[in-house]
Amino acid sequence: VAWIKRMFNVEKAGHGGTLDPKVTGVLPVGLASSTKVIGNVIHSIKEYVMVVQLHDLVERKKVEEVVEYFKGQIYQRPPLRSSVKRSIRVKTIYEIEILDVQDKFLLLRVLCDPGTYMRKLAHDIGLILGVGAHMRELRRTRTGPFREDETLVSLQEVSEALYLWRTRGDERYLKKVVLPVEVSTAHLPKILVLDTAVDAIAHGANLAAPGVSMLTRNVEAGKTVAIY
């Protein structure tokens with residue numbers, strides 16, 4: 001984030017969810033006033049691909065049975081090295097899939113709640129298998145609406161896109177790097193308001209039914225929504 005601020009020469013930039021040291025993958029960064037919206041990305045669904053090393057050989061069938069136990073709600077206590085209070089928390093794992101097994105190594109894809117500890121998940125799988133295990137490698141492939149195969153760019157690519165824009169006025173590559181702020185709310189339920197209601201809402205008024213043009217089916221009481 002410090003590099004991004006320097007490169008774009010902006011006063012504010014914020015990221016959409018911490019990545020631990022040595023973890024790679026998707027880290028959305030909000031520029032300038034879009035940092036106000038990035039919090040919605042922090043608290044959105046995450047997807048990881050993880051390499052787990054078992055401490056002894058186990059039959060694949062047994063591994064498949066044990067991995068299935070972790071689908072749904074699980075209890076986790078943050079690891080010793082974490083920066084948060086070590087109280088037990090309930091997290092949901094929506095999908096957990098074995099992509100490959102080679103000797104003592106498992107390749108897993110996990111779709112889960114934000115704040116789920118993959119290192120702890122690997123450890124707990126090893127405990128139930130009875131052989132012990134630890135996380136060898138981790139990559140975040142999705143956070144909220146941002147996916148590795150659609151929006152991921154390296155810092156090098158950011159730098160080159162900026163260079164082309166500043167030296168040649170070519171903004172094609174920059175438009176692939178800097179996305180509209182609306183993209184960060186793509187995963188939220190949406191309410192489209194009439195032009196006549198915009199000024200009142202921008203000054204703090206509540207949104208009333210006459211100001212609504214249309215809305216998505218998944219708008220529910222208590223849910224965060226995006227107003228367009």
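**Entry: residues 189–227**

I began with residues 189–227, over which the chain is 21% helix and 26% strand, with the end C-alpha atoms 9 Å apart. I take helices (H or I, at least four residues) and strands (E, at least two) as DSSP runs, numbered from the N terminus. The UniProt record, an unreviewed entry, gives these residues, 189–227, the annotation "domain: PUA". I note that UniProt positions are given in the numbering used here, that feature names are shortened, and that annotations may be inferred rather than shown by experiment.

I am working on a predicted model, in which local features need pLDDT of at least 70 and side-chain atom pairs count only at pLDDT 80 or more, while totals for chains, interfaces and linings use all residues. Residues are numbered from 1 along each chain as its sequence is written, and side-chain values use heavy atoms, with hydrogens and water left out.

**Entry: the other annotated ranges and the domains**

I then looked up "domain: tRNA pseudouridylate synthase B C-terminal", which UniProt (unreviewed entry) lists for residues 119–183; over this range the chain is 54% helix and 20% strand, and the end C-alpha atoms are 30 Å apart. For "domain: Pseudouridine synthase II N-terminal" the UniProt record (unreviewed entry) lists residues 5–56 and 58–118. Over residues 5–56 I read 15% helix and 33% strand, with 46 Å between the end C-alpha atoms.

The domain division, whose bounds come from an automatic or database domain assignment, gives domain 1 (1–40 + 151–179), domain 2 (45–143) and domain 3 (188–227). The C-alpha centres of domain 2 and domain 3 are 39 Å apart.

**Entry: the whole chain**

I count 8 helices and 12 strands in the protein, and its C-alpha trace spans about 65 × 50 × 30 Å along the principal axes. Of the 228 residues, 36% count as buried, where buried means under 20% relative accessible area, exposed over 50% and partly exposed in between, with a 1.4 Å probe and protein chains only. Among contacts (heavy atoms within 4.5 Å) between residues at least 6 apart in sequence, 62% join residues at least 24 apart.

Met-7 counts as buried because its relative accessible area is 16%.

I found a positive phi, near 55°, at Asn-9, a residue other than glycine, in the loop between H1 and strand S1 (13–15). Asn-9 is at 69% relative accessibility and therefore counts as exposed. Asp-103 also has a phi near 55°, again positive in a residue other than glycine, and sits in the loop between strand S6 (89–102) and strand S7 (105–112); at 63% relative accessibility, Asp-103 is exposed.

**Entry: helix H4**

Is Asp-124 buried or exposed? Asp-124 lies in helix H4 and counts as buried because its relative accessibility is 13%. Its side chain meets that of Lys-120 in a salt bridge, 3.0 Å from N to O, the term requiring a side-chain nitrogen of Lys or Arg within 4 Å of a carboxyl oxygen of Asp or Glu. Lys-120 and Asp-124 are 4 residues apart in H4, about one turn of the helix, and both are buried.

Leu-127 also has its place in helix H4 (residues 118–129), but Leu-127 is exposed, with a relative accessible area of 56%. Together with Tyr-69 and Ile-128, Leu-127 forms a nonpolar surface patch of about 350 Å² accessible area. Patches are made of residues with over 30% relative accessible area and no salt bridge, like charges being joined within 9 Å and nonpolar side chains (Val, Leu, Ile, Met, Phe, Trp, Tyr) within 5 Å; areas come from the Shrake-Rupley method with a 1.4 Å probe, and for residues only the protein chains shown count as cover.

**Entry: other salt bridges**

The structure holds 10 salt bridges. Lys-71 pairs with Glu-68, the closest N and O atoms being 3.4 Å apart; Lys-71 is partly exposed at 40% relative accessibility, and Glu-68 is partly exposed at 43%. Lys-223 and Glu-220 meet at 4.0 Å, N to O. Salt bridges that share partners also join Glu-47, Glu-95, Glu-97 and Arg-109 into one network.
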